[in-house]
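Let's take a walk through a protein together, starting on the inside and working our way out. Keep the picture open while you read.

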Amino acid sequence: MSSFKNKTARGDQPVREATTISRRAALTMAIAATGRVAHAAPGSDAALPSLISRTEQQAAAFMAGDMTRWARLIRLDEDFTLMQPFGGSASHGFDDSPEHLAELARYFRNGGGTLEVEKSYVSGDLIVLVMIERQHGEVGGLPDQNWSLRVTQVYRRRGSDWRLAHRHADPLVGKISLEQAAALARGE
């Protein structure tokens with residue numbers, strides 16, 4: 001099960017830092033937390049296991065091209081930012097029109113995946129997940145392959161709901177050399 005260490009954030013607000021947890025550990029934590037919910041910080045700690053589970057379901061649905069399911073699972077904040085794994089500038093907002101979702105469903109197909117949560121940070125109305133999305137699928141017409149990503153997601157509480165405010169993903173799960181990093185930085 002996860003253990004927590006108290007830390008201090010800017011403004012001397014306590015931050016709860018979780019050690020690395022797997023999906024199985026998150027589910028175990030959710031079951032174990034049932035008796036502790038009343039003692040948790042208002043909604044934050046108690047929300048973590050279900051937020052991790054929902055995040056994993058979203059990632060799997062996205063790689064499968066099941067954008068109808070993905071759209072039901074995802075809750076984006078109004079000022080959502082995305083730093084895509086393909087690089088480029090951050091995008092702001094999200095086009096959730098049926099046409100765009102259909103386009104995404106054609107681009108991402110027949111995949112799936114799981115999460116490996118490296119760290120989670122809980123502080124008041126923010127939850128940060130640092131994770132590896134271990135996933136595969138057919139992307140952009142390419143044959144099925146590994147599309148694992150390093151991902152950081154920031155969730156913000158809005159009322160009783162947690163909304164995704166920021167996502168940063170990159171494909172650098174495997175270590176690369178200084179020369180390869182330099183070539184990427186040059187746009188090669």
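This is a predicted model: local features need pLDDT of at least 70, side-chain atom pairs count only at pLDDT 80 or more; totals for chains, interfaces and linings use all residues.

In soluble globular proteins, nonpolar side chains tend to be buried together. Here the largest nonpolar core has 29 residues, and Met67, Trp70, Phe108, Ile127, Leu129 and Tyr155 touch the most other members. Several elements each give two or more residues to this core, including helix H3 (67-73), strand E6 (108-123) and strand E7 (126-139). The largest share, seven residues, comes from H2.

Now for the charged pairs: a search of the whole structure turns up 12 salt bridges. In one of them, arginine 75 pairs with aspartate 161, with the closest N and O atoms 3.6 Å apart. Arginine 75 sits in the loop between H3 and E4 while aspartate 161 is in strand E10, so these partners are 86 residues apart. Arginine 75 is partly exposed at 31%, but aspartate 161 is buried at 18%, because buried means under 20% relative accessible area.

Another salt bridge joins arginine 158 and glutamate 78 (3.2 Å, N to O). Arginine 158 lies in strand E9 and glutamate 78 in strand E4, so the bridge ties together parts 80 residues apart in sequence. Both belong to a network of salt bridges that links Asp77, Glu78, Asp79, Arg156 and Arg158.

Finally, the outside. Asp95, Asp96, Glu99 and Glu103 form a negative surface patch. Leu172, Ile176 and Leu184 make a nonpolar surface patch, with about 220 Å² of accessible area together.

Terms used. Residues are numbered from 1 along each chain as its sequence is written. Side-chain values use heavy atoms; hydrogens and water are left out. Patches are made of residues with over 30% relative accessible area and no salt bridge: like charges are joined within 9 Å, nonpolar side chains (Val, Leu, Ile, Met, Phe, Trp, Tyr) within 5 Å. Accessible areas come from the Shrake-Rupley method with a 1.4 Å probe; for residues, only the protein chains shown count as cover. A salt bridge is a side-chain nitrogen of Lys or Arg within 4 Å of a carboxyl oxygen of Asp or Glu. Lys and Arg count as positive and Asp and Glu as negative; His and the chain ends are not counted. The place of a charge is taken as NZ of Lys, CZ of Arg, CG of Asp or CD of Glu. A nonpolar core is a set of buried Ala, Val, Leu, Ile, Met, Phe, Trp, Tyr and Cys residues joined through side-chain atoms within 4.5 Å. Buried means under 20% relative accessible area, exposed over 50%, partly exposed in between (1.4 Å probe, protein chains only). Helices (H or I, at least four residues) and strands (E, at least two) are DSSP runs, numbered from the N terminus.
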